[in-house]
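Hello,

Here is the structure for your files. Please read the notes below with the model open beside them.

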Amino acid sequence: MADPEPLLDLGGPVLNAISPVARSEADEAQILTAVNAARISACVPILYRNPAIDTVARAWSTQMATSGSFMHNPNYRNQIPAGWTAAGENIAAGSPSGYYMFEMWMASSAHRGNMLNPEYTDIGIGFVRGGTTAYGSHGTQNFASYAARRGGAFLDVRPWSDFYSEIQWMSTSRLSTGITVPGCTTAKTYAPKDRVSREAMAAFLYRLSGASYTPPKVSPFVDVKPSDPFYKEITWMYHAKLTTGIPQPTGKPKYAPKDRVSREAMAAFLYRLSGASYTPPKVSPFVDVKPSDPFYKEITWMYHAKLTTGIPQPTGKPKYAPKDRVSREAMAAFLYRLPR
């Protein structure tokens, strides 16, 4: 794709008092977040932030800031890692923030075309402040396409993403169909960093079990009605004795379907689903879980069954963080490792 015309027509250098040039990581992060959000809205996969391309983009932004020039890098195609099949560049100057610079690019069809181009897989970003011009900031985006970073069932999980294999398995095994994106006909997201709700957990486990179940006409939970989403899956959790619910003074327990699943509750669900028989150790493998704690057996079984190695700590022994909430990417990993 041909390079777009410069976003700003500066009419040559505008010199000012020289000030130190400093990279702004925060503004670069703003640009990346905004670009990837815009791509998802356009039903296009997110971009990998390539450190080697970052270096090229940052060097060019610095060059413009120190020289007082405003022009495209004539050599960026030779400077970014070899093997690309398509490449492009956006530049801008004078923006007070990375997000404002992104909006300037979005307002230009050529620059927007680069950011939303489905051919591109990688991006490098350089945002600097200071220099010899009166514009205060300079920004460069370099784009490239590499075959190795193509693929994936979800717009927001690509071959370079954390837990890619596990999340792909969630799709191929039909444990997750993804999250619909407004305006997209087939493309969906997985939202790997989002927390897992108790109703979503019920759906994942029901599908994993391969169960065939007819839900009851009367709910065993005070807060779950037959017309509610995941009614079958939630009542199956009760039927399969994976949960007894949360006791209530009125008698009938609640399930709290919209609440987030804690790591200790997840351990209990998975332990019961596995049907394991396990004697917990006298000494905990985790620094933050004691033998007297709730779900000690289930949590240490997670370690024993190699579903988790815990969260590394500088002291040596890992922690489990039992009260923390489970992310959708961590859930994919736990289910993938679960013995079947």
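A residue is called buried under 20% relative accessible area, exposed over 50% and partly exposed in between, computed with a 1.4 Å probe on protein chains only. By that scale W160 is partly exposed, at 29% relative accessibility, and Y48 is partly exposed too, at 22%.

Before the rest, some conventions. The model is predicted, so local features need pLDDT of at least 70 and side-chain atom pairs count only at pLDDT 80 or more, while totals for chains, interfaces and linings use all residues. Residues are numbered from 1 along each chain as its sequence is written, and side-chain values use heavy atoms, with hydrogens and water left out.

Aromatic pairs

A pair of aromatic rings is described by the distance of the centres and the angle of the planes. Rings of Phe, Tyr and Trp (its six-membered ring) pair if their centres lie within 6.5 Å; planes under 30 degrees apart are stacked, over 60 edge-to-face, and the rest tilted. The count by this rule is eleven aromatic pairs.

One of them joins Y48 and W160, with centres 5.2 Å apart and planes at 45 degrees, so this pair is tilted. Helices (H or I, at least four residues) and strands (E, at least two) are DSSP runs numbered from the N terminus. Y48 lies in strand β2 (residues 48-49) and W160 in the loop between β5 (137-144) and α6 (164-172), so the pair ties together parts 112 residues apart in sequence.

F221 and Y255 also form a tilted pair, at 5.3 Å centre to centre and 55 degrees between the planes. F221 is in the loop between α7 (198-209) and α8 (231-239), and Y255 is in the loop between α8 and α9 (263-274), 34 residues apart. Both are buried: F221 has a relative accessible area of 2%, and Y255 has 0%. Ring pairs link F221, Y238 and Y255 into a cluster.

Charges over rings

A charge sits over a ring if NZ of Lys or CZ of Arg is within 6 Å of the ring centre and within 35 degrees of the ring normal. R263 lies over the face of Y320, 4.4 Å from the ring centre. R328 lies over the face of Y190, also at 4.4 Å.

G130

G130 is in strand β4 (residues 122-133) and is buried, with a relative accessible area of 12%. What does G130 contact, leaving aside neighbours within four places in sequence? With contact meaning heavy atoms within 4.5 Å, the partners are S19, P20, V21, A65 and G136.

Regards
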